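Please examine the sequence and the structure shown below before reading on.

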Amino acid sequence: MKFVEIQNVTKRFSNHLALNKISFSINKGVVFGLLGPNGAGKTTLIRILNQITAPDSGNILFEGHPIKRTDIERIGYLPEERGLYKKMKVGEQALYLAQLKGLSKEEAIKRLHYWFKKFEISYWWERKVEELSKGMQQKVQFITTIIHQPEFLIFDEPFSGFDPINANLMKEEILELKKKGATIILSTHNMASVEEICDDIVLINNAEIILDGNLAEIKTASKLNQFQVEVGDIDSDIVNLLPTEYEILGTEKMNGYTLFTMKISQNATPNQLLQFFIGHASVHSFKEILPSMNEIFIDKVNSYNKSHQHE
Amino acid sequence: MNKTLLIIAREYLTRVKKKSFIVMTILGPILMAALIIVPVYISNKNLKEVKILVVDENEFFINNFTDTKKVVFSYRSGDIEKFKKDCLVSGQYDAILHILEGTQSLKSNLYFFEEPPMNLRSNIESQMDKLLFDKVLKDSFNIDPAKFEIIKNTTRSSIAMIQTDETGAEKKNFTELNRIIGMICGFAIYIFIFMFASQVLRSVLEEKTSRIVEVLISSVKPVQLMMGKIVGVALVGLTQFALWVVLTLVIVLGVQITNPGFFNKEQIAMEMPISPDGTSEFMPTADEIESYQDNQGIMEMINAFYDISFTQIILSFLFYFLFGYLVYAALFAAVGSAVDNEADSGQFTMPVTIPLILTMVLIMPMAEDPNGALAWWMSMIPLTSPVAMLIRLPSGVPAWELMLSMGILLLFFYFCVWFAAKIYRTGILMYGKKPSYKELWKWIRY
C-alpha cells in the first residue's frame, strides 16, 4: 500500500534546479533509503515533505490525499542540521517540543518519562543542554522526534555523532519503530546502514532520480557475475586450461592459499566454474561477489555524471 | 494549546526566569528611586547651619545681615589674619566674610577651611546688594526702602502662557515642563525599543545558529514562530516596565512613609532659592519676594504637572512603545534570520536604526519647537514617530494628528510583519554566506 506518493515534484531556487519532476512512492511500513550525493536535492525534498517549503509544481499525497497542514503532527523529523536550545533544561525543552507537535502536557510528560527511562537518561531532566555531550544531545533529539508517535518518520543522517554502541541503539530503535508499523525515510551517506535496515531506496543525483526500487532487487540486478575462489594445491597450467567463458580478474596469494577473483560470461553458470576449479585445484572456499550499496552508488552516480558531461 | 501561545509562553518564561532579568528588574527601580531620593537627601543634609563671622571694615553691615535656617552671622572687628588662624580650623566659624573698605561697589573675601555650600556666596551677595541698594535709596535719593518695595511689588507684569484647544477653550500649559516630560518619554521609548527589539534579533540568531529552527518549523509555521517570539519579548518588556513602575513607587512611598516630610514640597521649593527665614518681622526683602515668586513658580509647575493629561500620555506611551517595538522587532527578526552571526547583522540593522538614532539626535530641536515642521513630520514617519510623537505629546497634539500618526504606524506595522515574514522564512534556512540586498529582494518576491 502506498503511504506517501511524490508526484512530479519540481523545486527551483533562484540559481539552480533542486528537484526536477521527481516521482516515486513509499510503501507503508518500510524503511525507505533516500540516497544521493551532497547537493542532490535530498534536503529540499525532505523539507517539502515536512511542509517547510512548498514545491513549485507537483503534489505530495499522504495516504492518498494531498498533504495538509495538520498532517505535520503525524510526521516526525530529525534534521541533519539539528540542535537544541543550549540554555534550556533538557526536560523542559523536550516537553516544549513535544507540545509543539500537538501533545497535551500530561501526555507529553508521561511519554517523555518512559523514553528517558528507556534510554537511561532520566537524571538529565534538570540539566541544561549545554552540559551534555553531542551524543547525549542526539539522544534527546531522537526522543523529541518520535515522542508524538508519528506514523511517518524522516531521519536525516541519524547515526552521525553517535559512538558505535549508541549508533546501534538507534538502529534498533528505528527497526522497532518499523515493527510497530511506522513508515520511515532514512537519508544517509552511510551505505552500510542502508544495506542493514532499508527495504526500498531511491537514489537522487542532480535533481533527478537515477535509481529506484527494492534494495534486494537492485542488488540482484546489479550483480557483476563475479566470484571469489580460494584454492590450495593448484595445477601449474590452470591459467592455460581456463575456458573462454571465465575471466581472471585478479589473483592474490594469502597464507598458502591462492585467491582468484573470477568473472563468468552470461552463458556460463557458477556451478560450471566451481566444477572447473574442483578438477584442477583443492577448493577451499567459493562465493559470489555481490556489489555493495556503496559500489552501486558510486557506479550509478559516476555513469550518470559521465553521460551528462557528453551532452 | 495553540502553538503560537506555546511559543509566546516559552519566549516569555525563559526570559523572565533569567537572572539578568531579575537583576535588571530590581536594580532599575533602585536606580530610578535613587535618582529621585538622592538629590532631595543631599539638599536636606545641607540644612546644617553655616556659621559666618563678618569682619566689616566699613562697619555698615554689622548686625544687618538676616540669619536664616542655614546661615547664621556673627560680627567682630579686629585682625583678619588672626581670625583666619584661630576660628576656621577649630570650626568655631565655617567661613569668615571680610568686607573691604569701600563705598557703593564693595569688594569682599570669603575665607573658609572646608568648602561651604554652593549657594552660600550668592546668598550673601544678594543680602549685601539689597542692603547697599536700600542704603543708597535712603541716603542719595531720600526714598524709604519700604515704600520702594511696595511700589516695586505692585507694579509687576506677568505673562501667562495659555494654549487653546480646537473649541477655543483654555488649556493650561507649562512649556518647560512639557519639554522635559516629552524628552523623558521619548528617551524612554527609544531605550525600550532598542533593548527589546535587539533581544528579538539575538533570539532569532540563537535559534538559527543552534540549528533548532529546522525542528521548530517542522512543527509550526515560520510566521508563527516569528510572531510568537516578537509577542513573547513584548510581554517581557511590558512586565519589566510594570514592575519598574510599581517597585519605584514602592521605594519612593516607602521612604516617604518612614520619613514623613522627606518630600515636603515647601521645603523642596525653599531649597531652590536662597531665602531668609520667612518668619522675619522685617519687611519682606527682595530675596523673600523672589523666593515667594519661585515658590509660586514651583506651585504652578506642580499644578501644571497635574494638568497634563497623563492618561493620554501613558496610553500613548504604551501604544507607541508597543507598535514601535513591534515594527523594529519584526525588522530585526528579518535581519537576524538573514545573517549567521551578530557581527554580520550590523550591515542590515543600520538602515533600520538610522531613523531612530536620527530622532534621538534631533530630540532637542524637536522639544524646543514641538509643533514645528521637523517635529511634525518626524511624528508622522513610522520609524521615527514613536519617539517624536512622545516628545510632542505633553505640549498638546490635536487629536486628528495623533490618530493619523497612530494609523500610519499601525499600517506600517502590518507591512513590516509581512515583509519580515517573507525574509524570515527563507533566511532561517540559509547558512553560509551573508546575503546581498539583491538576494533579500528575491526572498521577498517568492
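In this predicted model, helix 8 of chain B and helix 16 of chain B pack at an angle of about 115°, with their axes 9 Å apart. Helices (H or I, at least four residues) and strands (E, at least two) are DSSP runs numbered from the N terminus. Axes are lines fitted to C-alpha atoms, for helices over the stretch in contact, and angles run from 0 to 180 degrees between N-to-C directions. The crossing of helix 8 of chain B with helix 16 of chain B is right-handed; a crossing is right-handed if the near helix is turned clockwise from the far one by less than a right angle, and left-handed if anticlockwise. Helix 8 of chain B contributes Pro222(B), Val223(B) and Met226(B) to the contact, and helix 16 of chain B contributes Ala420(B), Ala421(B), Tyr424(B) and Arg425(B). Two residues are in contact if their C-beta atoms, placed from the backbone, lie within 7 Å. By class, this contact has 6 nonpolar, no polar and 1 charged residues. Ala, Val, Leu, Ile, Met, Phe, Trp, Tyr, Cys and Pro count as nonpolar, Asp, Glu, Lys and Arg as charged, and the others, Gly among them, as polar.

The model is predicted: local features need pLDDT of at least 70, side-chain atom pairs count only at pLDDT 80 or more, and totals for chains, interfaces and linings use all residues. Residues are numbered from 1 along each chain as its sequence is written, while chains are lettered from A and ligands numbered from 1 in the order in which they are written.

Helix 16 of chain B, residues 399-427, has 29 residues and reaches 41 Å from its first C-alpha to its last, close to the 42 Å expected at 1.5 Å a residue. That expected span is 1.5 Å times one less than the number of residues. Among the buried residues of this helix are Ser405(B), Leu409(B), Ala420(B), Ala421(B), Tyr424(B) and Arg425(B). A residue is buried if 20 or more other C-beta atoms lie within 10 Å of its own, exposed if 12 or fewer, and partly exposed in between. The cover over the buried residues includes helix 8, helix 11, helix 15 and helix 17 of chain B.

| Helix pair | Axes within | Crossing angle |
|---|---|---|
| Helix 11 and helix 15 of chain B | 9 Å | roughly 165° |
| Helix 2 and helix 3 of chain A | 9 Å | roughly 125° |

The angle of roughly 165° makes helix 11 of chain B roughly antiparallel to helix 15 of chain B. The angle of roughly 125° makes helix 2 of chain A oblique to helix 3 of chain A. Angles under 35 degrees count as roughly parallel, over 145 as roughly antiparallel, 65 to 115 as roughly perpendicular and the rest as oblique. The crossing of helix 11 with helix 15 of chain B is left-handed, and that of helix 2 with helix 3 of chain A is right-handed.

Chain B has 17 helices and 6 strands, and buried residues make up 31% of its 446 residues. The contact between the chains takes 16 residues from chain B and 18 residues from chain A. On the side of chain B that touches chain A, the residues divide into 7 nonpolar, 4 polar and 5 charged.
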